[in-house]
Amino acid sequence: MFEAFYGMTHTPFSRDIPTEKLYDSPMMQEILGRLKYTAERQLFAVLTGDCGTGKTTTIRKFVDRLDDGQYKVLYLSDSKLTPRHFYKGLLEQLGCESKFYRGDAKRQLHREIELMRGIHGVQPVVVVDEAHLLDREMLEEVRFLLNFKMDAQSPMSLILVGQSELWDRLRLQSFTAIRQRIDIQFKLGHYDRAQSAEYIAMHLQYSGVTEQIFTDVALDEIHRFSGGAARIINKICTHCLLYGAQNRHRIIDDHMVKRVIEGELS
Ligand SMILES: Nc1ncnc2c1ncn2[C@@H]1O[C@H](COP(=O)(O)OP(=O)(O)OP(=O)(O)O)[C@@H](O)[C@H]1O
Ligand SMILES: [Mg+2]
């Protein structure tokens, strides 16, 4: 709706930006490097971060950059994941129909992974997103996955991705066995003021806009309200652009940002 008014060719602040157009923050670059290392060494990594800070987006970029002749990514994101659905989900992504019983499905998965590694020379990379929602039984199952081959060699890389409370849970005494097996742990933080501005500039650049739309003070206000979380920045900016286009303002200042936040987002 606002795209025509601002002369945009793409919609900024949307979810489906191609991964090569994403804002490449120093934090994201560092995490991408560690994720690559995790895949190369078949490690167990845990990525946490607050809601809407870009975890899934970072994984999307990591997966896009991996050589698919060398790695096979198995991605699960299901808040109600049970062990049976876990194996079923992984096997389906390998093109297999899962056996009914959990034990059978588990052996079947191990066999498939052996075949993939041994015959095709492809390394599996299992990514479990929204892992803060997994229950204890499911987290234990994830641990057993890593025990395959009697701990001598890990059969796959495993990346757990979840909101910050995932790490709080793993810190509990009862999760020591899992925690000890974690090779790399990293956290995606919030953007600082300068990064929030770069993030917004990148989205506007992607949309095809060359002039400035948000004033510097407007950017201060957006950063203050969002706390530097990508999803909230997207929301504020989209609402501001809608408001700006409706009221025919080419430039969006801090008063407009405040009005939009108070009227539509508080
Ligand atoms: N580096 C980036 N460049 C451009 N857009 C981004 C970037 N990081 C995040 N976003 C955008 O911010 C929004 C939220 O990101 P994402 O869904 O990855 O967050 P999340 O940390 O996985 O959130 P949740 O904890 O709710 O799962 C997405 O719509 C995404 O497009
Ligand atoms: Mg996510």
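Q: What share of the contacts in the protein chain with a separation of 6 or more comes from residues 24 or more positions apart?
A: Such residues account for 75% of those contacts. Please note that the model is a predicted one.

Q: How many helices and strands does the protein chain have?
A: The secondary structure comprises 12 helices and five strands.

Q: And what does the C-alpha trace span along its principal axes?
A: The span is about 65 × 40 × 30 Å.

Q: What percentage of the residues count as buried?
A: The protein chain has 266 residues, and 50% of them count as buried.

Q: Turning to the ligand, how many residues surround ligand 1, and which are the closest?
A: Ligand 1 is surrounded by 22 residues. The closest are Tyr 23, Gly 52, Lys 55, Thr 56 and Thr 57.

Q: Which backbone has a polar atom 2.8 Å from a nitrogen atom of ligand 1?
A: That is the backbone of Tyr 23.

Q: What about side chains: where do Tyr 199 and Arg 231 come in?
A: An N or O atom in the side chain of Tyr 199 is 3.3 Å from a nitrogen atom of ligand 1. For Arg 231, a side-chain N or O atom is 3.0 Å from an oxygen atom of the ligand.

Q: On to helix packing. How do α9 and α10 pack?
A: Helix α9, residues 193-207, and helix α10, residues 216-226, pack at an angle of about 110°, and their axes are 10 Å apart. The two helices are therefore roughly perpendicular.

Q: Which residues make that contact?
A: From α9 they are Arg 193, Ser 196, Ala 197 and Ile 200, while α10 contributes Asp 216, Leu 219, Asp 220, Ile 222 and His 223. By type, four are nonpolar, two polar and three charged.

Q: Why is Ser 157 classed as buried?
A: Ser 157 is classed as buried because its relative accessible area is 0%, and buried means under 20%.

Q: What does Ser 157 contact beyond its neighbours within four places in sequence?
A: Its contacts are Thr 38, Ala 39, Gln 42, Leu 43, Pro 124, Val 125 and Val 126. With Thr 38 there is a polar approach, in which a polar atom of the Ser 157 side chain lies 3.5 Å from the backbone oxygen of Thr 38.

Q: Where is Gln 42, then?
A: Gln 42 sits in the loop between α2 (26-41) and β1 (44-49). Gln 42 is buried, with a relative accessible area of 10%.

Q: Which side chain makes a polar contact with that of Gln 42?
A: The partner is the side chain of Arg 117, at 3.1 Å. Setting aside neighbours within four places in sequence, Gln 42 has contacts that include Arg 117, Gln 123, Pro 124 and Ser 157.

Q: Last one, Arg 250: buried, exposed or partly exposed?
A: Arg 250 counts as partly exposed, at 47% relative accessibility. Arg 250 is in the loop between α11 (230-246) and α12 (254-265).

Q: What does Arg 250 touch, not counting residues up to four places away?
A: Arg 250 touches Phe 5, Tyr 6 and Ile 213. Its side chain reaches the backbone oxygen of Phe 5 at 2.9 Å.

Q: And how far apart are Arg 250 and Val 125?
A: The two are 46 Å apart in space, C-alpha to C-alpha, and 125 residues apart in sequence.

Definitions and conventions:
Residues numbered from 1 in each chain as written. Chains lettered and ligands numbered in written order. Predicted model: local features only at pLDDT ≥ 70, side-chain atom pairs only at ≥ 80, totals over all residues. Heavy atoms only, no water. Buried < 20%, exposed > 50% of the residue type's maximum accessible area, 1.4 Å probe, protein only. Polar contact = N/O pair within 3.5 Å; in protein donor to acceptor, adjacent residues only side chain to side chain. Contact = heavy atoms within 4.5 Å. Axes fitted to C-alpha atoms, helices over the stretch in contact; angles between N-to-C directions. Helix = DSSP H or I, 4+ residues; strand = E, 2+ residues; numbered from the N terminus. Parallel < 35°, antiparallel > 145°, perpendicular 65-115°, else oblique. Nonpolar A, V, L, I, M, F, W, Y, C, P; charged D, E, K, R; others polar. Near = heavy atom within 4 Å.
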